[in-house]
Amino acid sequence: MNKELEHSFVEQLQKHQNIVHKVCRLYTNNADAHNDLFQEITIQLWRAYPKFRGDSKFSTWMYRVGLNTAITLYRKSKRRINTQDFDAVQFKIKAEEYDDTEEQQLKLLYQAVHQLNDIEKALVFLYLEDKDYREISATLGITEVNARVKMNRVKKKLKTILNP
Amino acid sequence: MDELELLKKDWKRSDNQYKSFSDSDIYKMSHKKSSTIVKTLFYISVAELVFWVLINFLPYVLSEKMKAQLEEMSHSWIYVSLNIISYLVIILFVYLLWRAHKAISVTDNAKKLMESILKTRKIIKYYVLYNLSIALISIPISLYFSINEHPEISEQLSNATTEKLVIMSLVAIGITIAFLGLVWLFYKLIYGILIRRLNRNYQELKKLEI
């Protein structure tokens with residue numbers, strides 16, 4: 001493939017890579033798995049890139065490919081080994097920014113989100129990224145009404161996990 | 001405060017806490033080997049096609065007697081037309097699989113993507129079912145003909161009572177069905193394990209529609 005295309009791809013992905021990191025954060029729970037999924041999403045983005053026409057924003061397009069890879073395409077690779085808990089390593093919450101109770105609450109919240117199923121995680125992810133129901137429904141292929149219904153159920157489920 | 005709002009606040013703050021990959025990291029990663037369910041399904045489909053084609057071909061290659069027999073049969077129009085039909089079926093399946101694989105697009109919405117992948121699996125499922133049905137018909141028939149060609153056995157059989165013949169035929173058919181059933185179960189098990197997660201997620205999206 002031509003160099004120019006490759007260059008513009010790498011440049012854009014480098015700039016927006018946090019989107020991919022965030023998908024990985026929700027769908028994996030250790031550093032190796034995170035990097036493995038990051039790599040697979042990168043491969044899928046690059047393969048799909050020649051067909052990216054720019055009628056949507058690069059970042060919007062990334063959400064779709066990223067989530068599709070995490071939910072549907074990705075197969076855990078065998079070389080993956082379980083190491084330390086990821087949130088504890090790379091996302092060490094800075095003590096000065098939070099008070100103790102909030103820090104504790106957030107830790108529990110992230111743990112609760114990790115207990116959700118793949119589709120529920122996708123809804124939470126898009127919600128956290130400030131996507132509206134129109135975009136959520138278009139990304140997942142469900143109606144807006146159903147996206148709302150599902151989101152309410154996810155909120156309830158999170159509450160139940162947090163306060164059993 | 002709503003739990004998710006609290007999470008969102010932290011989520012936004014976490015932006016600068018991710019490891020930042022450089023351009024060259026990303027370049028290297030994008031050229032690595034991918035490992036996806038689509039790829040695995042594709043390899044399995046190809047293996048299925050090759051497997052059943054080989055099953056049909058091997059007797060011809062391995063046994064001289066069989067080769068001579070088949071050559072003799074090649075003059076019969078039934079044999080020739082059956083052969084043509086079976087090749088046409090293989091070509092049809094290859095075409096359907098190729099089309100289904102081409103339709104898989106990572107930029108579709110999640111539900112559509114899952115449907116496209118499940119469709120390729122369905123095609124190969126029909127292909128396996130087709131081959132099993134052919135086997136179900138041809139195993140008893142070829143058994144019948146090979147017994148007929150064997151003078152000792154056929155003589156023994158001609159002395160047997162009708163009751164005995166019926167029982168023997170039923171046993172032969174029963175064994176064939178049991179054997180093919182096992183092949184089918186094995187096949188279902190492999191695919192079941194392979195696409196368990198995909199199926200679960202698809203059902204989760206589908207459930208919302210009801």
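## Model and numbering

The model is predicted: local features need pLDDT of at least 70, side-chain atom pairs count only at pLDDT 80 or more, and totals for chains, interfaces and linings use all residues. Residues are numbered from 1 along each chain as its sequence is written, while chains are lettered from A and ligands numbered from 1 in the order in which they are written.

## Chain A: overall fold

Chain A has eight helices and zero strands. Helices (H or I, at least four residues) and strands (E, at least two) are DSSP runs, numbered from the N terminus. The pattern along the sequence is α-α-α-α-α-α-α-α.

Of the 164 residues in chain A, 36% are buried. A residue is buried if 20 or more other C-beta atoms lie within 10 Å of its own, exposed if 12 or fewer, and partly exposed in between; the C-beta atoms are placed from the backbone. Two residues are in contact if their C-beta atoms, again placed from the backbone, lie within 7 Å. Take the contacts in chain A between residues at least 6 apart in sequence: 68% of them join residues at least 24 apart.

## Domains of chain A

Chain A is assigned domain 1 (1-90) and domain 2 (93-164). These bounds come from an automatic or database domain assignment. Ten residues of domain 1 of chain A are in contact with eight residues of domain 2 of chain A. On the domain 1 side, helix H1 (3-27) and H3 of chain A each supply at least two residues. By class, that side has six nonpolar, one polar and three charged residues. Ala, Val, Leu, Ile, Met, Phe, Trp, Tyr, Cys and Pro count as nonpolar, Asp, Glu, Lys and Arg as charged, and the others, Gly among them, as polar.

UniProt, in an unreviewed entry, places "domain: RNA polymerase sigma factor 70 region 4 type" at residues 108-158 of chain A. UniProt positions follow the numbering used here, feature names are shortened, and annotations may be inferred rather than shown by experiment. Over residues 108-158 the chain is 80% helix and 0% strand. The end C-alpha atoms of this stretch are 10 Å apart.

## The interface between chains A and B

The interface joins 41 residues of chain B to 48 residues of chain A. On chain B, helix H1 (3-13), helix H2 (23-30), helix H3 (37-62), helix H6 (110-149) and helix H9 (196-207) each supply at least two residues. H1(B) gives the largest share, seven residues. By class, the chain B side has 19 nonpolar, eleven polar and eleven charged residues.

## Helix H9 of chain B

H9(B) has twelve residues, which at 1.5 Å a residue should span 16 Å; its end C-alpha atoms are 16 Å apart, which agrees. The expected span is 1.5 Å times one less than the number of residues. Leu198(B), Tyr202(B) and Leu205(B) are the buried residues of H9(B). They cover an arc of only 60° around the axis, so they sit on the same side of H9(B). The arc is that of the directions from the helix axis to the C-beta atoms. An α-helix has 3.6 residues a turn, so residues three or four places apart point the same way.

On the other side of H9(B), Arg196(B), Arg200(B), Gln203(B) and Lys207(B) are exposed. The buried residues of H9(B) pack against helix H3 (58-73), helix H6 (118-128) and helix H7 (133-140) of chain A, together with H3 and H6 of chain B.

## Single residues

Ile41(A) is in helix H2 (residues 31-48) of chain A. It is buried because 30 other C-beta atoms lie within 10 Å. Not counting residues up to four places away in sequence, Ile41(A) touches Val20(A), Val23(A), Val65(A), Gly66(A) and Thr69(A). Leu108(A) is in helix H5 (residues 100-114) of chain A. Leu108(A) counts as partly exposed because it has 13 C-beta neighbours inside 10 Å.

Asp130(A) lies in the loop between H6 and H7 of chain A. Asp130(A) counts as exposed, with 10 C-beta neighbours inside 10 Å. Its phi is positive, about 65°, although Asp130(A) is not a glycine. Most residues other than glycine have a negative phi. In chain B, Pro151(B) belongs to helix H7 (residues 151-159). Pro151(B) is exposed, with 8 other C-beta atoms within 10 Å.
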